[in-house]
Amino acid sequence: TKRSFGMIDYCHQLTIGLYDLAETLNIPKLGSYGMGVEDVEKIVAQTGHKNHPVKFELAELSEILSERI
């Protein structure tokens, strides 16, 4: 049987594609700019959602930043 794809599947594929693109383009991680795990909390505390259509929880922002160190 043929499986239909849902929104979660498309989001997962997009995420994989973005990680692959970052690797292909050799985009440096945040740690190469001097950012460390100890900086994540400070950055998240000062982050606003000024021009961002998605409102992330603080824990989600922390996770996103931590994965890019």
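This is a predicted model: local features need pLDDT of at least 70, side-chain atom pairs count only at pLDDT 80 or more; totals for chains, interfaces and linings use all residues.
Residues are numbered from 1 along each chain as its sequence is written, and side-chain values use heavy atoms, with hydrogens and water left out.

Helix α1 covers residues 7-24, where helices are DSSP runs of H or I with at least four residues, numbered from the N terminus. From its first C-alpha to its last, this helix of 18 residues reaches 25 Å, close to the 26 Å expected at 1.5 Å a residue, the expected span being 1.5 Å times one less than the number of residues. Asn26 lies in the loop between α1 and α2, and its phi is positive although Asn26 is not a glycine. Most residues other than glycine have a negative phi. Asn26 is also exposed, with a relative accessible area of 65% (buried means under 20% relative accessible area, exposed over 50% and partly exposed in between, with a 1.4 Å probe and protein chains only).

Helix α2, residues 37-46, contains both Lys42 and Asp39, which are 3 residues apart and thus separated by about one helical turn. Their side chains meet in a salt bridge at 3.4 Å, N to O, a term that stands for a side-chain nitrogen of Lys or Arg within 4 Å of a carboxyl oxygen of Asp or Glu. The structure holds 1 salt bridge, and its partner Asp39 counts as buried at 18% relative accessibility.

The axes of α2 and helix α3, residues 58-67, come within 9 Å and cross at roughly 135 degrees, where axes are lines fitted to C-alpha atoms, for helices over the stretch in contact, and angles run from 0 to 180 degrees between N-to-C directions. The two helices α2 and α3 are therefore oblique to each other, since angles under 35 degrees count as roughly parallel, over 145 as roughly antiparallel, 65 to 115 as roughly perpendicular and the rest as oblique. Val40, Ile43 and Val44 in α2 meet Leu58, Leu61, Ser62, Leu65 and Ser66 in α3, contact meaning heavy atoms within 4.5 Å. Ile64 also has its place in helix α3, and at 41% relative accessibility Ile64 counts as partly exposed.
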